[in-house]
Amino acid sequence: MASDTELWRGTDYGWWLAADTSGAVGASLIAFAVPLMMLATTGSSAAATTTESICVVVQTVLGLAGGVIQDRYDRRTLMLIWGASGVVLSAVAAAAVMLFGNAPKTSGHGVNGANAPAFGGPYAHVLPIALLCIVVLFSVRDGLLENTSNAMLRGVVPDEQLPHAMALNDARDSTVTLAGGPLGGLLMTVGHAVPFLTSAVLSVLGVVSAWRIRRYWKRATVDDSGHSGNADDAADDAIDVSGAITAAPRWRDALDGMIWLLRDRFQRHLIIAATMVTGASNAFLLLTALDISQGGSQLISAGFINAASAVGMLLGALMASQLVNRVPGGVLVGVMFALLAAGFTGAALVPSMVGKAIFVACSVLALPAGNAVLGGLSNILVGKDKLGRVGAGSMVLQYGAYGVAVALAGWGMQTIGYGPTCLILATVLVAAAAYALTMRSLITLPTPDRWAEHIQRWGIAQF
């Protein structure tokens with residue numbers, strides 16, 4: 001209880017969480033609506049997944065520059081810019097849907113010849129192009145600024161409270177995912193522009209919440225309350241600020257985080273397994289949503305496979321903060337990879353949608369605890385002034401894998417079918433688990449109070 005009181009009353013974590021949650025819900029609504037609208041307007045699952053892949057590529061490439069920006073400039077200001085741009089882009093997207101879409105009709109053809117809602121009106125053919133342009137702009141914004149809130153979290157919450165905060169974040173993410181899919185489908189049945197209008201409103205709330213954040217780490221030796229920062233941090237700040245104001249971002253700086261992730265054996269092994277999991281699992285969920293929605297009248301149902309994963313995440317998040325300090329981290333991470341492999345394999349093999357949902361929910365039960373372990377360890381290994389670049393490097397690799405997986409999975413679904421494509425994705429997850437579980441320095445990770453000793457023993461690099 002004391003930990004909760006210190007976290008909520010002793011920091012600005014509440015305002016940070018409100019700002020981050022507003023953005024997460026808005027992004028969830030758009031991410032749900034756009035692929036389904038592309039499928040409805042083009043009748044092609046490949047077109048829907050290719051759109052997603054294009055956006056991922058744009059966001060991934062610009063993420064490198066974004067990491068430098070997040071390390072060089074005030075992160076609260078960047079969060080304000082991110083929220084304000086979300087208001088503008090969401091409003092433009094809603095206007096495009098209302099202008100070019102008109103009322104939906106059911107004369108179009110969906111995947112494999114199934115009926116899907118088409119859009120009427122003389123300019124309906126313009127809508128897919130307009131949506132593509134708008135979501136690419138969203139990707140530009142997200143590549144440069146989306147990871148700002150994650151980089152900022154360590155400066156809002158003391159290091160000793162990070163595992164607890166990250167467990168709460170996982171619970172929040174699960175709740176957003178749980179509500180996002182069904183809510184997105186419900187809003188689309190009210191009007192195809194409604195998810196975008198809702199996202200605009202949420203972006204306004206995010207701007208207001210970010211504006212209220214006052215207590216956070218920044219590039220200064222004195223914080224807002226007048227207390228001096230840590231001496232080591234202050235020294236790092238003094239060195240970094242001297243070049244940050246006058247020097248333009250360099251590609252060497254942009255690549256620093258990714259180079260560190262790939263150079264150290266521990267980080268390289270871990271990031272390869274993580275990219276395989278991110279790409280295959282998210283492509284699996286997207287294909288399943290598209291497969292459900294191809295009949296044209298199941299927009300709300302299409303979100304329930306994501307809701308199933310959110311239920312599992314939420315249950316896991318409720319236990320995560322207690323498990324992290326009591327169970328060796330290597331055990332939690334190992335169980336996480338094993339459950340992901342077993343659960344998605346079961347989901348690929350079982351024919352019923354209810355069965356798939358149960359397997360997916362079980363597959364992510366250990367994900368919050370595993371994420372809390374890996375996130376807490378990363379925050380020990382990486383300095384506050386380098387979190388943006390490391391986050392960007394991780395995003396490049398994981399989002400890149402997701403973009404490739406989604407593109408290939410979309411074409412696979414259209415050529416060999418949904419079932420065989422999902423089996424291939426499940427096989428990738430099994431390979432990722434096997435790869436991760438062979439890493440002794442990972443599976444022998446102890447509880448957090450002994451991490452310093454473990455880092456020294458295995459020679460794990462710090463950045």
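**Close-up views of helix α2 and its partners**

**View 1. Helix α2 beside helix α4.** The axes of helix α2 (residues 13–42) and helix α4 (residues 75–100) come within 12 Å and cross at roughly 30 degrees. The two are therefore roughly parallel (angles under 35 degrees). Axes are lines fitted to C-alpha atoms, for helices over the stretch in contact, and angles run from 0 to 180 degrees between N-to-C directions. Helices are DSSP runs (H or I, at least four residues), numbered from the N terminus. This is a predicted model: local features need pLDDT of at least 70, side-chain atom pairs count only at pLDDT 80 or more, and totals for chains, interfaces and linings use all residues. Residues are numbered from 1 along each chain as its sequence is written, and side-chain values use heavy atoms, without hydrogens and water.

**View 2. Helix α2 against helix α6.** The axes of α2 and helix α6 (residues 148–156) come within 10 Å and cross at roughly 170 degrees. α2 and α6 are therefore roughly antiparallel (over 145 degrees). From α2, Tyr 13, Trp 16 and Asp 20 are in contact (heavy atoms within 4.5 Å) with Ser 149, Met 152, Leu 153 and Val 156 of α6.

**View 3. Ser 90 in helix α4.** Ser 90 sits in helix α4. Leaving aside neighbours within four places in sequence, Ser 90 is in contact with Ile 30, Phe 138, Phe 196, Ser 199 and Ala 200.

Key:
Angles under 35 degrees count as roughly parallel, over 145 as roughly antiparallel, 65 to 115 as roughly perpendicular and the rest as oblique.
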